[in-house]
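Reader: I would like to go through the labels attached to this model and ask what each of them rests on.

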Amino acid sequence: MSSVAEVKTGRALRRRKLPLYYPVMFVVPAFVIYAVFFIYPTVLGFYYSFTDWNATETTIRFVGLAQFTEVMRNPDFVVALKNTFLYAAITTIGKNVIPLLLAVLLTMGMRSRNALRAVYFSPAILNIVAVGLIFQGLLNPHTGFVNNLLRSMKLDFLALGWIGDPSLSIYAACLMEIWRASGITMAIYIAGIQNISADYYEAAEIDGATAWAKFVHVTLPLLMPAITINVLLSVIYGARMFEGVYFLTQGGPGNSSEVLMTLVYKYMGQGLYGYSTALNLILVLLIILISMPLLSYLTKKEVGG
Amino acid sequence: MKVGTNKLLVLSGLVATSLLTACTGGGNSERSESGGASKTLKFMITSENYSNRLKDFIAQYEFSSGNQVDVQLFPATEYENILKIKMLSDEGPDLFVTDDIAMSQFNVPQEWFEDLTGEPWESRLSESGRTMIQWNDGRITGLPVTNPGGMGMLYNKAIFAKLGLEVPKTWDDFLAVCGKLRQAGIIPVNIQLANGSEFGTTHMMHQLFANAELNRSKEADRFWHDLNTHRLKITEVKEYEQALEQMVELKEQGYINEDFISTTFEMSQENLGTGRVAMHPAGDFILEPLLAKYPELELGFFSLPFGDTPGAISLYAGVGVSVNSKAAHKEEALDFIRFFAAKEQQEIYLQKSPGISVFADVDAKPNMLSGDLQRYIDEGKAFMGMFGRYAAWNDMDARKMMQEMMLGRKTPSQVLTELNAKMEIVAKGKNLPGWNP
Amino acid sequence: MERRRRRWGVIAEVCLWAMSVTILVPYFMVLLTSVKSSKEAGLFRLTLPSELHLLDNYRVVFERGLVVQGFVNSIIVTAGSVLIVLICSALLSFYIARTRGWISSALYRFFLLGMVAPISLVTTFNVLKALSLLNTRTGIMMIFAGILIPFAMFIYVGFIRTIPREMDEAATIDGCGPYRMFAVIIFPLMKPITFTAAILVFMNVWNDSQIPLFFLNDNRYWTMPLNIYRFYGYFSTDWNYIFGNIFLTALPVLVIYLFGQRFMIEGMTSGSVKG
């Protein structure tokens, strides 16, 4: 194709050329669907956070920021806020550090490489509700598989309370998500590493670099685009998480594993729609506040790398 | 660019339509056709409550009326959300269930319910039956599809007999009974507090809370009115704190199962059925699944003592079926209820799952606990649970608080303070009179 | 040198297989539970079943769980969503990646915002109702598309930037209008990334159990993940059937992943994450 193009380019300079333009029409299908089925209902939803819309009354009144002040005064809000940050941070670290290591290992030469890659990717193909149910069976402090196994190996001190212990429940949820989604970030890292031309490594070898130095000076910088995607998506997804917490602990015991999305769901279930959408809006603003600077920081690193 | 212009028109049309119709909230319900054509009623119910006897009844109804019933099942955890969303957009079913009938006056919008007061079967309700299922304002809005009943302490009669134990009449007696059970190597009281199963413990709480109403006998209506208008707070009702302290005492004395935080509804049944525990706070709703697994079991029922008194039990109205006030086929839905209320149908229904009936003329087959339950009702020691009388009550929050309390993370007075704070949020959000400063 | 590298490779391989136990054990638990009796299944122990209920259990799962019906619904909804998302995102991303100026960067940011906000149930329900798309599989597909187009766009845009502009120019010189240019020349070049995006969308839609639950009211249209709710029963929850259904739901995705894995890595390798 390219050689033909080259020949034709010459001829074309003497011929009238069709203008190269990118019609706005390309944008329309995506725009319509996105605007109608997502943006419009979501923004409308945000509007309701300034009203007192609730399930028991038919009239809706505008109340300004009243819902937001009510939210701030809710004792569960502080807990959920803290948990949301914890969850996003821990799952992001877990879903990026371990899989990066896995990716490095799984791009080395080994016979069962493809099988191993499939195994490590596989938890991601399970329905998240299913994973929640499975982990309930695993992490139940008294009847769960994990503790039964630990006890049979005489490692009783490791048999923690997991989903039954209020101080551990949110970490149990983090563990589940790291288990479930590491495969996805790993796959992206593998792709990124495979993209790195061998020339770079050879050049580093010639300079006498150790494996560690190669990793730090060749692999990491050239992986920045992958790191950007993975870290950003992990943070956003972690902050927005609902099913991963709800179907494991329902926010319990007590309110120890509530995150912002489970609170949104809870108050929606109680019919406080204005209140619930106010919580939702707070969450969205928080995510934007964190992810926008994060994105520019990471992309800056990308360009530099 | 003809294609482009068309698309733009479609786009603006779509946006305009959705803006207009979404704001006004929707369509007209279909007019039901007159005449003898077979109608299809939409019946929304939770999968957990879709029992075989209900299935049989629906088949009977279809046969005798010629109409069809389209049963839409949803898991209990999502049921209410889905129902709310549908009703909000006028896409609600003709018939729907709520858990429980008395609680429904607070939980979901009252406008959903067609007022069934004045229906031909209403006069046949017994006095106790009526008190159970009516709303605070006296309206009748549904009939139970799961048997109404009472919450008390279920106990294993065989174990009690073997150890020569009697039903305790005071709290000290009760503790003594627990002591003897524990000596015999049996866990005295079962506490069910796994995530999602916490209702097993609020059942104990509700029956203890009933003492507040018992102690106020004549002033009961006044009491509820004050609570409902926020003139009285739950933190100021001393019976509530005492009740919670009794519960904590059980744990501190070591009279409960240690693995309570993992104990689910199924495990409670196993504990009770295998004799691992001697007592479990529940109602007769547990009998059917329990006896199906452990047919040899013999259970009795008593009220958990409160201080020096034998205490009271709390009632529940059961899961009820109601008619959507905006039902597409309202007449047929009302007919469905009338057919259900018929003496013959009720007797068949209760034959399959024995319990008490809300109708005076229905000869209900009693279950193992009906005798005890009826006694408490007759003696005036049975009161509707808090969830059916207190507008701001939030059972979900209470359940979570039970976990915190039994895990030792909150004291009874802290629990009541936090519950009160949470209820204020809900009450204010619903603009309940008296709650907004 | 080579031998040393190979030795490290073997050590890594062994370690990785050892660690993979943490992944394989839960699967094993799912499989074991799915062949136990209902009562035994509720105990969640990794014991061998006292009686093997393989055929009985799976027969019940198929009949009561309506697996075939669920499968058909899942295929329709997922395939439809994938198609819609791919076509829309490819076109959109091509425009954004090629055009300079404030419109395209504004568009990019506009769609990026879609990744941040979760959907609002009640208002979305009303939109579907207004468009008479309630309880239709088409409506669901539109919702999924609305949610997933931003993610697909995010992946596509980076990739398209690696296709040299000369390609476009060459195509127009050959007398292609922009539509033909895209369809005939550019889109085939995007095959690898399209495949990657397709798999990600597929996985997201196939496994989603919240959106169909809320917007597909009719039990008849339920997709495979929702069928577990058919086993929440009057007497108890039948965990053995639930896990049987979980296994069957995961099977098609596993098959697709195993066969498509090669293409997926190839796709991602060909420049989607190039620096």
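Author: This is a predicted model. A:Gln250 sits in the loop that links α12 (243–249) and α13 (260–269) of chain A.

Reader: Which residue of chain C has a positive phi, and where is C:Ser132 found?

Author: C:Ser132 has a phi near 55°, and it is a residue other than glycine. It lies in the loop between α7 (121–130) and α8 (137–160) of chain C.

Reader: Why is C:Ser132 called exposed?

Author: The label exposed requires a relative accessible area over 50%. C:Ser132 has 59%, so it is exposed.

Reader: What is the peptide bond from B:Asp99 to B:Asp100, cis or trans, and how do you know?

Author: Omega is near -10°, and the bond is cis. Most peptide bonds are trans. B:Asp100 belongs to the loop between β3 (95–98) and α4 (104–107) of chain B.

Reader: How do you know that the span of helix α10 (residues 178–189) of chain C agrees with its number of residues?

Author: The helix has twelve residues, and at 1.5 Å a residue these should span 16 Å. The end C-alpha atoms of α10(C) are 15 Å apart, which agrees.

Reader: Which residues of α10(C) are buried, and what makes you place them on the same side?

Author: They are C:Pro178, C:Met181, C:Phe182, C:Ile185 and C:Ile186. These residues cover an arc of only 130° around the axis, so they are on the same side of α10(C). An α-helix has 3.6 residues a turn, so residues three or four places apart point the same way.

Reader: What covers the buried residues of α10(C)?

Author: The cover includes α5 (67–98) and α9 (165–173) of chain C.

Reader: How much area do chain C and chain A bury between them, and on which atoms?

Author: About 8,500 Å² is buried between chain C and chain A, with 77% of it on carbon and sulfur atoms. Helix α13 (residues 239–272) of chain C gives the largest share of the side of chain C that touches chain A, 15 residues. The contact takes 100 residues from chain C and 91 residues from chain A.

Definitions and conventions: Residues are numbered from 1 along each chain as its sequence is written. Chains are lettered from A and ligands numbered from 1 in the order in which they are written. This is a predicted model: local features need pLDDT of at least 70, side-chain atom pairs count only at pLDDT 80 or more; totals for chains, interfaces and linings use all residues. Side-chain values use heavy atoms; hydrogens and water are left out. Helices (H or I, at least four residues) and strands (E, at least two) are DSSP runs, numbered from the N terminus. The expected span of a helix is 1.5 Å times one less than its number of residues. Buried means under 20% relative accessible area, exposed over 50%, partly exposed in between (1.4 Å probe, protein chains only). The arc is that of the directions from the helix axis to the C-beta atoms. Contact means heavy atoms within 4.5 Å. Buried area is the accessible area (1.4 Å probe) that two parts lose on being put together, summed over both.
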